[in-house]
There are 2 protein chains.
Amino acid sequence: MNVSTHLLRCTGCGQRINPGEAQSNFRCRVCSDLFEVEYPWSEGAEGPAQEPYSASRPVPRNRPNPGALKYLWQERRTSTLSIDQSGVWRFRDLLPIVTEDRVVTLREGNTPLYEMPRAAESLGMNWLLAKHQGMNPTGSFKDTGMTAALSVAVAAGFEWVACASTGNTSAAMAAYAARAGLRSLVLIPEGKIAWGKLSQAMDYGSTTVQLRTDFDGCVRVLAKIVERAPVYLLNSVNPYRLEGQKTPAFEMLEQLEWQVPHHLIVPGGNLANVSALGKGFAEMKQLGFIRRVPKMSVIQAEGANPLYRWLQNGGHGQLEPVVADTRASAIRIGNPASWKKAARVIASTGGWCEQVNEREIALSKAEIGAEGIGCEPASAVTLAGLKKLAADGRVGREETAVLLLTGHTLKDFEYTIQYHRGELLTEAEMAGASKAELARHAALRCEPLVLDAKADAVLSVLDKMTARPVQTA
Amino acid sequence: MNVSTHLLRCTGCGQRINPGEAQSNFRCRVCSDLFEVEYPWSEGAEGPAQEPYSASRPVPRNRPNPGALKYLWQERRTSTLSIDQSGVWRFRDLLPIVTEDRVVTLREGNTPLYEMPRAAESLGMNWLLAKHQGMNPTGSFKDTGMTAALSVAVAAGFEWVACASTGNTSAAMAAYAARAGLRSLVLIPEGKIAWGKLSQAMDYGSTTVQLRTDFDGCVRVLAKIVERAPVYLLNSVNPYRLEGQKTPAFEMLEQLEWQVPHHLIVPGGNLANVSALGKGFAEMKQLGFIRRVPKMSVIQAEGANPLYRWLQNGGHGQLEPVVADTRASAIRIGNPASWKKAARVIASTGGWCEQVNEREIALSKAEIGAEGIGCEPASAVTLAGLKKLAADGRVGREETAVLLLTGHTLKDFEYTIQYHRGELLTEAEMAGASKAELARHAALRCEPLVLDAKADAVLSVLDKMTARPVQTA
């Protein structure tokens, strides 16, 4: 196992351990909090960096050099090696060291940073961008984390990997496990199978087991399994997933030619993603790549808003879980594992936490779609949240904002169909809409028309939709 | 309209016209056959290249220089311009000239070329690769064509674009039209809506119209519409779509460091894709980038095999349409528009046309999935066909083959679920399977198990699946 040039540092009590000493559940033995990966060059790592990381491998004392790395990362784009073609491993100088030819990659990352001219205009902003992590191989941002964690699992000699999930996590885990030639186990509560979401795990050959219990019961059984057997845990507590998930911060800066955006807006579910991106930007600043970090804001759905509530109540004590209820299934999480890390990122960067309702999410998804960009509903909370941040001046008109889109539109096609057929939102949900909002919904909704098979009939429809009549041209 | 440094050449009678003279249905006025784009440097273009292409713009006489272009195309990979980040427009030196800042792009192309080690091993081949065009923004290879054709539509000043399709074409057209700020029209037969497939067109804001007719009726109405109104036709007869779709040939060669694979295996539906790739490889050879082209083979589903039948019957006369019936919906086409072009590509490169049945398609899809690569069923015909080509020695063990995967697994998740639950294939379809084939199906199928919420119960399942018992470790 070549991942010896880093330590795991408990984000609760600060205790540092060698990677091999981590418990199978990736919780601190002292305080049960989560770990993060610490490098010899990490902020505050001076102390431990002077201790031997491993007997056989001396610690590289050299601090990473931003100028050299910027050049190297750019040059790797022209390489035909799979490790260079990966948008995660291209940045491997700031990742746990893995034997290069054993990296498990599906050429993740390298995702587009789209301009959103129409959304920017309607917000009165000069420049709005969307970093689309749903363009990863399995259709979600989870791939960037799984390539890292699976590579560590392979290096450590595991034959089985496992998670409790029915959604994007299981799809990503299954794909990377298959790529690595490992077996993967997905635990799900009996009878609550969303077959669509599970189809990818099945496609990639995962062993899926329905347990006669609820989701928390699955998590408990999984904890026992990884304790008793050599099965590698790939739930979001795994700190190596976050190392992969921090790399879009690097890539985004590269795409912006190292100009730091003022705001990054991230959907908030389990809150590991904003934690990872926060770590990525913090590392860029600490190493001297950039002089400031973006303000990082988290947007939650009203029905799954435990972090928003905690912050509204002053941000003291423990987070109170909620019973999560939102159609944005990827952030339907009532008890987020990474809430403390996320709260720290928001506070340290000067961002905010907002909540948005189902009507606002649906409208924003349609607006993103109208830019030619498809995303899953959870991604659309970013635009919905930005509207609120812009409305009360927290995001300025002259500032640059990047929306972090997390999943592909194909991940939840039923939501799209229901919205456009007018079957998604209830009357109660629509009741609070303003006139302007209702008009926006009406302009964006496009239920199929039924017409006679005559060109005239179709052309008269087009005429009505177009300022300049189509037929007269 | 800056697309004046090319002509359109009829692939039937050879007649050449200026782009602006094309009929709205992109059929030759003389013989009704399809056009292809011809450049001053195209093979056989010496004659017309000496005529003025346009009064205001002299024809560049310089033949493209392979060495310079290889370097330029590689360097563009390091650029942050969207036109350079596109895996289609990075090759714009061999595409119709469009004003660079008006290119309509979603950063298509740059798709992975995956090694398929397990499939190669089971075929006894040294090296098998898969070029995954399903990793494009809307999840299918159609994006590479739509970025080209939509850019031409914008340059020509169209406000509406249209196609008759319920599948990948409509999704790609809708996304690129939205990106360009154009309106798009999708015609579909009434009552035969596959909502899942249409969800993307709706998401991207397309106007979808169900006509009270069948699919051919939709095509006829569309032909009248584009004749009478300034609506740009984006069905596969549009020659600019093929210009975009030829670029994966360039990209593949680049990824292979200009080593030409021996075989390229392409799914055969409407047959525009193999035609485009054939043009791409032919241009590479003609310009001196490579010395030979791969043998290009087309694989059709047994239930949608008009080209296979035509070739089996000697390849004379007109192609006889079939009533298409296959679960691989993306190639469920009985009367392919580009059959002549495709037949020429197969003949000129020395490839073959094969057919595969539903059982073979399903097994191959599961095998591709087991490599961690998800694809839609139509893509899997490539592996199924390769097995036949390898079995009778047409593809040798020492030769390199590339499978062209056309769509993402999320495009048809229901197929995946039905297969793994044992609900896809009928008894009749399974009846012809060999013992070995049945064993492969059994090994790959993974229907969810139902267990009590106990670690023991799960671990004993893992033990049975693993050579080295999990619990004893």
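Two strands pair if DSSP finds at least two bridges between them; strands (E, at least two residues) and helices (H or I, at least four) are DSSP runs, numbered from the N terminus. This is a predicted model, in which local features need pLDDT of at least 70, side-chain atom pairs count only at pLDDT 80 or more, and totals for chains, interfaces and linings use all residues. Residues are numbered from 1 along each chain as its sequence is written, chains are lettered from A in the order in which they are written, and side-chain values use heavy atoms, with hydrogens and water left out.

**View 1. Strand 1 of chain A with its two partners.** Strand 1 (residues 7-10) of chain A runs antiparallel to strand 3 (residues 35-38) of chain A, over four bridges. A:Leu7 has A:Glu38 of strand 3 as its bridge partner. Strand 1 of chain A also pairs with strand 2 (residues 16-17) of chain A, antiparallel, over two bridges. Here A:Leu8 stands opposite A:Ile17. Five residues lie between the strands of this hairpin, and A:Gly14 takes a positive phi near 85°.

**View 2. The contact of chain A and chain B.** Each side is counted by contact (heavy atoms within 4.5 Å). Chain A gives 92 residues and chain B gives 92 residues. The two chains bury about 8,200 Å² between them, 59% of it on carbon and sulfur atoms. Buried area is the accessible area (1.4 Å probe) that two parts lose on being put together, summed over both. A:Arg179, A:Asp203 and A:Leu410 supply 8% of the area that chain A buries against chain B, more than any other three residues.

**View 3. A salt bridge across the interface.** A:Arg212 and B:Asp452 join their side chains in a salt bridge at 2.7 Å, N to O. The rule (a side-chain nitrogen of Lys or Arg within 4 Å of a carboxyl oxygen of Asp or Glu) finds six salt bridges across the interface of chain A and chain B. Helix 7 (residues 195-203) of chain A gives the most to the side of chain A that touches chain B, with seven residues.

**View 4. Strands pairing between the chains.** Strand 14 (residues 449-451) of chain A and strand 8 (residues 207-211) of chain B pair in the parallel sense, over three bridges. A:Val450 has B:Gln210 as its bridge partner in strand 8 of chain B.

**View 5. The relation of the two copies.** Chain A superposes on chain B by a rotation of 180° with 0.0 Å of shift along its axis (RMSD 0.0 Å). The same surface serves both copies, as 100% of the contact residues of chain A recur in chain B.

How values were computed. Least-squares fit on C-alpha atoms with pLDDT ≥ 70 in both.
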